[in-house]
Amino acid sequence: MRISVAPVPHEFAGCDAGTGIVVVDVFRASTTIVAALAGGAKFVLPVTDVEQAMRLAEPYAENEVLLGGERDCQRIEGFQLGNSPREYTREVVAGKVVIFTTTNGTQALAAAKDSGTTFIGCFVNFSAVADAVAGMDAVTVLCAGNNGRLSLEDFTCAGGLVTRLAKKTTQLDDAAQAARAAYKALQDDLARALVSTEHARRLAGLGFRADLEFALKLDSIPVVPRLHDGRIEPSPA
Ligand code: MLT
């Protein structure tokens, strides 16, 4: 196996069709997508801009579709849902199409979409997503980051996946080695380290501290979202 890590989306240069890509946006897009599918959403349509989201919602009846996502971490005007995974409960999302746009997470998904087999990963589905790519010859972890800059929570989660997947013979690129080192340095007190990252502090300041706790609950939602033909659906086990 070969494992590479793209610490930010612009470092992702594409990959072979046989590669497993794991798009990681711990706070909060990946976690929210996992929550939406666990809540029974029909599928999630990730898009990069707000106007496109609104256009895509038009053909659906009002009770079939939900617009979700954020700009500046807040719900977008005219959208029913923000980007808090706690909003995406079964009562709200079951049976609905969720059209979803966020600042970094859905941009990372757009970067990934034309190459490889793309999964969405984070801490809440950590073991399940690791198992989904474990048999592949090559894996790339694509971190969403924060406005083009590295996010420690995404990079550390990537390092956890590298640690979990790497065997003696696995080839790691330099970023995968660095991510693994970051994970090893922080793993004994992971939650404390990750609630102090730049984006975590911003979210806490905006009143979203409970989202951090939700996102850091390891293996709490064993659902593996997969992006295929523009839609995100649960990957068949
Ligand atoms: C994003 O995709 O940029 C994030 O999920 C932002 C957020 O925490 O709302």
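Student: Where is Cys73 found?
Tutor: Cys73 is in the loop between strand 4 (65-71) and strand 5. Keep in mind that this is a predicted model.

Student: And what's its phi, positive or negative?
Tutor: Positive, at about 70°, although Cys73 is not a glycine. Most residues other than glycine have a negative phi.

Student: OK, peptide bonds next. Is the one from Phe27 to Arg28 cis or trans?
Tutor: The bond from Phe27 to Arg28 is cis, with omega near 5°. Most peptide bonds are trans.

Student: Where does Arg28 sit?
Tutor: Arg28 is in the loop between strand 2 (20-24) and helix 1 (29-38). Arg28 also turns up at the ligand, as one of the closest residues around it.

Student: Nice link. How many residues surround the ligand?
Tutor: There are 13, and the closest are Arg28, Thr102, Asn104, Gly105 and His199. By class, that shell has four nonpolar, six polar and three charged residues.

Student: Which polar side-chain atoms lie by the ligand's oxygens?
Tutor: Thr102 has one 2.6 Å from a ligand oxygen. For Asp25 the distance to a ligand oxygen is 2.9 Å, and for Glu70 it is 3.4 Å.

Student: How much of the ligand does the protein bury?
Tutor: The protein buries 98% of the 270 Å² that the ligand exposes when taken alone.

Student: Which pocket is that space?
Tutor: The ligand takes up the space of the largest pocket.

Student: Switching topic: how many aromatic pairs are there?
Tutor: The count is two aromatic pairs. One of them is Tyr88 with Phe100, edge-to-face, at 6.3 Å centre to centre and 90° between the planes.

Student: What parts of the chain does that pair link?
Tutor: Distant ones: Tyr88 is in the loop between strand 5 (74-75) and helix 3 (90-93), while Phe100 is in strand 6 (residues 97-101). Tyr88 and Phe100 are 12 residues apart.

Terms used
Residues numbered from 1 in each chain as written. Predicted model: local features only at pLDDT ≥ 70, side-chain atom pairs only at ≥ 80, totals over all residues. Heavy atoms only, no water. Near = heavy atom within 4 Å. Polar contact = N/O pair within 3.5 Å; in protein donor to acceptor, adjacent residues only side chain to side chain. Areas by Shrake-Rupley, 256 points an atom, 1.4 Å probe, with all protein chains shown as cover. 1 Å grid on protein atoms, 1.4 Å probe; cavity = no way out; pocket = protein on both sides within 12 Å on 5 of 7 lines; lining within 4 Å. Sits in = over half its atoms within 2 Å of the grid points. Nonpolar A, V, L, I, M, F, W, Y, C, P; charged D, E, K, R; others polar. Phe/Tyr/Trp six-rings, centres within 6.5 Å; stacked < 30°, edge-to-face > 60°. Helix = DSSP H or I, 4+ residues; strand = E, 2+ residues; numbered from the N terminus.
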